[in-house]
Amino acid sequence: MIKNIYSILLLSQLFAFSGFTQGTPSVKITPIAVGDQLPKAFWDFKHLLLEQAVPREYTLTADKGKLLIIDFWASWCGSCIKRFPELESIEKAFPGKVKVLLVNSVGTGDSAESLIARFKSGSGTFTATKLAVIAADSVFLKAFPHKALPHYVWIAHGSVRAVTTAELLTVENIGLLLKHMDVIGDRRKKIEAIRTKAKKD
């Protein structure tokens, strides 16, 4: 009885979110290449996020300062799901600096409802992950079209830094990129300080 009530409440939440994309800015999304800046409106798009089967509205705004790893996957992709624990360990290795998003796009055969059902089934690696899952995605798919899964996109400082396969997505490589970003950030601050001082003089 309690389980049935919980299922009804969860479905009602999904129906409530079914119209949430209507508030999304009407900006045409075109493919974004490595080195390109993401359009400002990209950060404001509203996505359906599942956190351990609980749906909520989500935008990228709060994670703008982090290194975002977009992981395109599907429930039938065994090699995708096998990597979830490794992706969790990557996120934990850089607290507050790295955010991994598991993006399940339209066309995979999955839906928000089927993903919630799978997560609730409690079977293995798929349901054990604590990583954030974006369901019924179309925005990321248009921005980063691809054919093979898994497919990883690295976003930092508002631009696409890399598009890679699984082999390159390691703690070591992420550490190198973050170190490089810190050095560039320090240089920018010094240049800004010099410019500000020059204006005052």
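Visitor: How many bridges join β4 to β5, and how do the strands run?
Guide: Four bridges join β4 to β5, and the two strands run parallel. Please note that this is a predicted model.

Visitor: Which residue stands opposite Leu102 in β5?
Guide: Val133 in β5 stands opposite Leu102. Leu102 is also the bridge partner of Asp71.

Visitor: What about β3 and β4, how many bridges there?
Guide: Six bridges join β3 to β4, and these strands run parallel.

Visitor: Is β4 enclosed or open, and why?
Guide: Strand β4 is largely enclosed by the rest of the structure, because eight of its eight residues are buried. Val98, Val100, Leu102 and Asn104 point one way, while Lys99, Leu101, Val103 and Ser105 point the other way. In general, side chains in a regular strand alternate between the two faces of the sheet.

Visitor: Ser105, then. Buried or exposed?
Guide: Ser105 counts as buried, because its relative accessibility is 4%, under the 20% limit. The residue belongs to strand β4, which covers residues 98–105.

Visitor: What does the side chain of Ser105 make a polar contact with?
Guide: The partner is the side chain of Asp137, at 2.7 Å. Leaving out residues up to four places away in sequence, Ser105 touches Phe72, Asp137 and Leu141.

Visitor: Moving to β1. Which strands do bridges join it to?
Guide: Five bridges join β1 to β2 (residues 54–58), in an antiparallel arrangement. Another three bridges join β1 to β5 (residues 132–137), also antiparallel. Leu50 stands opposite Pro55 in β2 and opposite Val133 in β5.

Visitor: How many residues of β1 are buried?
Guide: Four of the five are buried, so β1 is largely enclosed by the rest of the structure.

Visitor: And which residue takes a positive phi in the hairpin of β1 and β2?
Guide: That is Gln52, with a phi near 50 degrees; the hairpin has two residues between its strands.

Visitor: Where else is there a positive phi in a residue that is not a glycine?
Guide: Ala136 has a positive phi of about 50 degrees, and so does His157. Ala136 is found in strand β5, whereas His157 lies in the loop between β6 and β7. Ala136 is partly exposed at 44% relative accessible area, and His157 is partly exposed at 31%.

Visitor: Which peptide bond is cis?
Guide: The bond from Leu149 to Pro150 is cis, with omega near -5 degrees. Pro150 is placed in the loop between α6 and β6.

Visitor: Changing topic: how many aromatic pairs does the structure hold?
Guide: The structure holds three aromatic pairs. One of them is formed by Phe42 and Phe140, which are edge-to-face at 5.6 Å centre to centre with 80 degrees between the planes. This pair links distant parts of the chain: Phe42 is in the loop between α1 and β1, Phe140 is in helix α6, and they are 98 residues apart.

Visitor: Are Phe42 and Phe140 buried or exposed?
Guide: Phe42 counts as buried at 1% relative accessibility, and Phe140 is buried at 0% relative accessible area. Another edge-to-face pair is that of Trp73 and Phe84, at 5.3 Å centre to centre with 80 degrees between the planes. Trp73 is in the loop between β3 and α2, and Phe84 is in helix α3, eleven residues apart.

Visitor: Which residues form one aromatic cluster?
Guide: Phe42, Phe140 and Phe144 form one aromatic cluster.

Visitor: In the largest nonpolar core, which residues touch the most other members?
Guide: Of its 32 residues, Leu67, Ile69, Leu87, Val98, Trp154 and Ile174 touch the most other members. Apart from that core lies another of 23 residues, among them Phe42, Ile134, Val139 and Ile155.

Visitor: Last one: where does pLDDT stay under 50?
Guide: It stays under 50 over residues 1–25, for which the model has 29 contacts beyond four places in sequence. Where pLDDT is low, the predicted coordinates should not be read in detail. For the chain, the mean pLDDT is 82, and 79% of the residues reach 70 or more.

Terms used
Residues numbered from 1 in each chain as written. Heavy atoms only, no water. Phe/Tyr/Trp six-rings, centres within 6.5 Å; stacked < 30°, edge-to-face > 60°. Buried < 20%, exposed > 50% of the residue type's maximum accessible area, 1.4 Å probe, protein only. Polar contact = N/O pair within 3.5 Å; in protein donor to acceptor, adjacent residues only side chain to side chain. Contact = heavy atoms within 4.5 Å. pLDDT = per-residue confidence, 0-100. Pairing = 2+ DSSP bridges. Core = buried A, V, L, I, M, F, W, Y, C linked by side-chain atoms within 4.5 Å.
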